[in-house]
Amino acid sequence: MILSLNYHNVRSKRPLILGVCFVLLLASALLALLTGAYPISLSEVVNVILSKFGLSLIEVPDEKMAVLWTIRLPRVLLAILVGGALAVAGASLQGLFRNPLVEPAIIGVSSGSALFAVIMIVFSGTIGWQLQSIMGVFALPFAAFIGGLLNTFLAYRLASKGGKTDISILILAGVAINALSAALIGLVIYYGDDNAIRNFTFWSLGSLGGASWTKLYIAGTLVLLSSVIIMSFPRSLNALAIGESEAFHMGVNVQKVKYVVLFFSALAVGAGVSVTGAIGFVGLVVPHLVRMVLGSDHHTLLPVSFLTGGILLLISDVLSRIIVAPAELSIGIITAILGAPFFIYILMNFKQKRITV
């Protein structure tokens with residue numbers, strides 16, 4: 001069954017599609033602001049936000065003001081940015097390697113970021129202290145970025161020869177690198193204390209519970225900047241979808257585009273992982289859903305994936321707070337429950353196409 005709309009229909013209706021996605025994102029954000037152990041009404045949400053601009057219509061209790069402004073609002077904004085960045089990174093990597101199975105977590109970006117972040121936390125008195133003395137609050141996002149970048153380029157180098165990338169080897173290399181990173185995280189945890197063990201769960205499954213304005217300013221800026229840069233390459237990614245030789249003859253600097261997209265995908269995912277932990281499957285599920293409905297034109301695919309990734313992570317965060325309330329599930333559990341069956345569906349589809357060919 002062909003679900004994708006006609007290319008010209010999608011192109012002519014792009015502003016409408018983006019507008020609908022933006023409205024859905026706002027609705028999801030509002031739902032996330034209203035959901036939690038501490039009840040806050042819609043009018044109180046509106047008044048807390050207006051009060052920050054000196055426009056409050058009614059007085060809101062201080063405790064509700066604190067819960068909404070210092071806990072829920074940065075959490076919602078971080079979910080939008082990280083979900084959007086994971087989806088954009090997944091869409092761009094799938095376009096770059098012309099394969100639907102590629103996403104940041106599968107080729108080892110997320111696990112590399114988590115490994116270096118855990119090293120920074122466990123060895124905060126030695127390596128972490130030295131890096132923090134140089135880079136200050138940017139030390140942790142920087143370490144996570146380096147870890148993600150190293151794993152990305154390791155997988156890429158293992159799978160590439162003569163300018164060509166073997167996708168099967170890229171995915172298998174990602175599986176091996178993920179396993180090695182998980183083992184090294186476990187090894188590093190042995191040198192940590194009880195707090196480090198608790199952090200291991202956080203980095204393994206992800207959580208938005210630690211969101212704050214400080215983390216949002218630091219990691220959110222890097223995530224947003226990287227996502228915007230990746231989204232500025234729709235024409236090059238469209239050309240690469242035809243083939244590297246064809247893209248070269250169309251005037252695309254193939255190697256430059258590869259390195260830039262890989263670099264900023266690693267930066268976006270690494271900065272996100274440094275504040276939320278490793279959240280899997282968003283970069284796989286979202287681009288696929290968008291591509292199935294709207295087609296593969298990256299002019300539409302990339303921005304819609306960003307908005308839809310934010311929506312998916314917001315809904316997953318709401319579910320993580322509702323299912324075992326008043327406790328909270330790790331958000332990676334929700335995304336894995338949603339994403340793993342979808343990944344199996346893609347594999348079966350992939351297998352069917354190979355048998356048919």
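The structure is a predicted model, in which local features need pLDDT of at least 70, side-chain atom pairs count only at pLDDT 80 or more, and totals for chains, interfaces and linings use all residues. Residues are numbered from 1 along each chain as its sequence is written, and side-chain values use heavy atoms, with hydrogens and water left out. Five salt bridges are found in a search of the whole structure; a salt bridge is a side-chain nitrogen of Lys or Arg within 4 Å of a carboxyl oxygen of Asp or Glu.

**Arginine 14 and aspartate 297**

- A salt bridge joins arginine 14 to aspartate 297, with 3.5 Å between the closest N and O atoms.
- Because arginine 14 belongs to helix H2 (residues 14–34) and aspartate 297 to the loop between helix H14 (282–294) and helix H15 (298–322), this pair ties together parts that are 283 residues apart in sequence. Helices (H or I, at least four residues) and strands (E, at least two) are DSSP runs, numbered from the N terminus.
- Aspartate 297 has a relative accessible area of 10% and is buried. Buried means under 20% relative accessible area, exposed over 50%, and partly exposed in between (1.4 Å probe, protein chains only).

**Lysine 64 and glutamate 44**

- Lysine 64 and glutamate 44 form a salt bridge through their side chains, at 3.0 Å from N to O.
- Lysine 64 is in helix H4 (residues 62–97) and glutamate 44 in helix H3 (residues 42–51), so the pair ties together parts that are 20 residues apart in sequence.
- Lysine 64 is buried at a relative accessible area of 18%, and glutamate 44 is buried at 13%.

- The side chains of arginine 75 and glutamate 328 form a salt bridge, at 2.7 Å from N to O.
- Distant parts of the chain are linked by this pair, as glutamate 328 is in the loop between H15 and helix H16 (331–356) and arginine 75 is in helix H4, 253 residues apart.
- Glutamate 328 is partly exposed, at 38% relative accessible area, whereas arginine 75 is buried, at 6%.
- A network of salt bridges links Arg75, Asp317, Arg321 and Glu328.

**Aspartate 317**

- Aspartate 317 is located in helix H15 and is buried, with a relative accessible area of 1%.
- Its side chain makes a polar contact with the side chain of arginine 321, at 3.1 Å. A polar contact is a pair of N or O atoms within 3.5 Å; within protein, one must be able to donate a hydrogen and the other to accept it, and residues adjacent in sequence count only if both atoms are side-chain atoms.
- Apart from neighbours within four places in sequence, aspartate 317 is in contact with Arg75, Leu208 and Ile331, where contact means heavy atoms within 4.5 Å.
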